[in-house]
Amino acid sequence: PESMAMAMATTTMRVEVPVKRLMLMRHAKSSWKYPVSDHRRPLNSRGEKSSRAVGQFLHENACWPSLVLSSDAKRTKETWANMARAVGSEVASSTRVLYLPEFYGIFDRPATDVIMESVWRHAGGGEGETAGSRSEREEDEGAEARGGAGAVSNDVLVLGHNDGWELALNEFVGSYSGVHSMKTADLYVLEPQDGETLQSWEDIFESFGKWRIRHHVVARDLL
């Protein structure tokens, strides 16, 4: 008994670091039917169907996000709303959703930089943002989670626009797997390459070319 107790006392506990999962998605197909500004364009019927199909795919493949960072454009908001509707309120309500104006119309900075900073700020437990600035960004619309703003999120979906999202995707995965395109409602689920571990989201700033594609979801193939 004494030797067993000593062995137990000297055993080093191994702490498993949860896998960080980064999902990049382009908004679903939008409508040009209405005379509104680009920011206010809604989805068309195909866009609604494809976004619901992608939401169902994520849920069925255990990739449902705990945090969504989305452009504040109408078409990105509606893309997420349809994804959430596809899985029901019980599942969707577990997700925290933030609509970020900086994800729309990125012209002065690389989209990859904006994505990395936003993920670090909002997914890392709040180390990059004050409570006041966080509360200003949260919107209380049907599918958003209530609370949980200070929690670490390991499964993050960033929802935005081309050309920025496609360029960011190729920078995250590097050139080893060729050049990847992103059609409307397409989604890429990324995980660190074998041998690479993100201890925290702060490591995302050094993750260029260190991600692998776990899933490439082609929206039109789901319909």
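This is a predicted model: local features need pLDDT of at least 70, side-chain atom pairs count only at pLDDT 80 or more; totals for chains, interfaces and linings use all residues.
Which ring does the charged end of Lys77 sit over? I looked it up: the ring belongs to Tyr99, and the charged end of Lys77 is 5.1 Å from its centre.

I then checked another charge over a ring. Arg41 lies over the face of Trp32, 3.7 Å from the ring centre.

Next, ring against ring. I searched the whole structure and got 5 aromatic pairs. I began with Trp120 and Phe205, whose planes stand at 65° with the ring centres 6.0 Å apart; angles over 60 count as edge-to-face, so that is what I call this pair. Where do the two residues lie? I found Trp120 in helix H5, residues 111-123, and Phe205 in the loop between strand S5 (187-192) and strand S6 (211-217). The pair therefore ties together parts 85 residues apart in sequence. I also looked up how open Phe205 is: partly exposed, at 33% relative accessible area.

On to Phe172 and Trp211. Their rings make an edge-to-face pair too, with 80° between the planes and 6.3 Å from centre to centre. Phe172 sits in helix H7 (residues 164-173) and Trp211 in strand S6, so this pair links parts that are 39 residues apart in sequence.

Are these two buried or exposed? Phe172 has 0% relative accessibility, and the cut-off for buried is under 20%, so I put Phe172 down as buried. Trp211 is buried as well, with a relative accessible area of 0%.

Conventions
Residues are numbered from 1 along each chain as its sequence is written. Side-chain values use heavy atoms; hydrogens and water are left out. Rings of Phe, Tyr and Trp (its six-membered ring) pair if their centres lie within 6.5 Å; planes under 30 degrees apart count as stacked, over 60 as edge-to-face and the rest as tilted. Helices (H or I, at least four residues) and strands (E, at least two) are DSSP runs, numbered from the N terminus. Buried means under 20% relative accessible area, exposed over 50%, partly exposed in between (1.4 Å probe, protein chains only). A charge sits over a ring if NZ of Lys or CZ of Arg is within 6 Å of the ring centre and within 35 degrees of the ring normal.
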